[in-house]
Amino acid sequence: MNSNINRYSKGGGQPLVTASDIKKIEIPLPPLEVQNEIVRILDTFTSHTAELQAELQAELQARKEQYEYYRNKLLTFDENDERVKWMTLGEVSVNVCSGGTPSTSNKKYYQGHIPWLRTQEVDWKDVFYTKIKISEDAIKNSSAKIIPPNCVIVAMYGATAGKTCINKIPLTTNQACCNLEINKDIALYKYVYYWLYKEYYKLKALGEGSQSNISGKKIKSYAIPIPPLSEQQRIVSILDKFESLVNDLSEGLPAEITVVQEQYEYYRNKLLTFKRKS
């Protein structure tokens, strides 16, 4: 049907088909009982696709809720637990810094190989790649600086303020990122990440101004419970498994739906292909 319509389309950027041309398009008309059977089969495929999508979305939502429940349980500590010390993010870090934005008027600054992370890329994930790379001269002539892998990066400004990510490669960031290099003798960086994930809405509420910006000072002074490293490792191991389950389904859901849609299109095309009598 599409190929027949395309034959009559006119124009360049926005091709159109006139009503008079549509009237000229021929379609195959098998007996009504055959049409009914084709419609029945295609309706079944459509219904199956919708049901599968709803079931997978429901399963994904259930896993997310289960994950959040256990995350909150695991990261809730008794105030009288002597094993747990309350510290600030600044106290559990060996270095806290922000970044900088090299002058955009110098194009050569943005023709390098050094990854440069912006806050819109901070979104609850490990970072192995950044869209923009900068040069060594860009670092020398701005406040951008290279940070080591496995820092906990908190977005301070804009739409992602309060969100967190972990850099798995050395990189630089813009000035809207607060970069926490965690002291491994005190805390596991992944434990700090999960704590900030749990605290997202509270941290975001600290923002001020029209863009709800969070200052680096407030992030450094934000409190975090620090149990023994062995307990942190136990918590991280459990939450890693839950996160993997959620992510696997998140990635598998579109793939499974795509397979069903491709099946539907295959059978639709088969059912609606007729040999033309000479």
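Residues are numbered from 1 along each chain as its sequence is written. In this predicted model local features need pLDDT of at least 70 and side-chain atom pairs count only at pLDDT 80 or more, whereas totals for chains, interfaces and linings use all residues, and side-chain values use heavy atoms, with hydrogens and water left out.

Thr101 is placed in the loop between β2 (93–97) and β3 (114–117), strands being DSSP runs of E of at least two residues and helices runs of H or I of at least four, numbered from the N terminus. With a relative accessible area of 35%, Thr101 is partly exposed (buried means under 20%, exposed over 50% and partly exposed in between, with a 1.4 Å probe and protein chains only). Leaving aside residues up to four places away in sequence, Thr101 touches Tyr110, Trp116, Ser142, Asn174 and Gln175, contact meaning heavy atoms within 4.5 Å.

The whole structure holds 15 aromatic pairs (rings of Phe, Tyr and Trp, the last by its six-membered ring, with centres within 6.5 Å; planes under 30 degrees apart are stacked, over 60 edge-to-face and the rest tilted). The rings of Tyr67 and Tyr197 are edge-to-face, because their centres lie 6.5 Å apart and their planes stand at 65°. This pair links distant parts of the chain, with Tyr67 in helix α3 (residues 32–74) and Tyr197 in helix α5 (residues 189–198), 130 residues apart. Tyr67 is buried at 6% relative accessibility, whereas Tyr197 is partly exposed at 23%.
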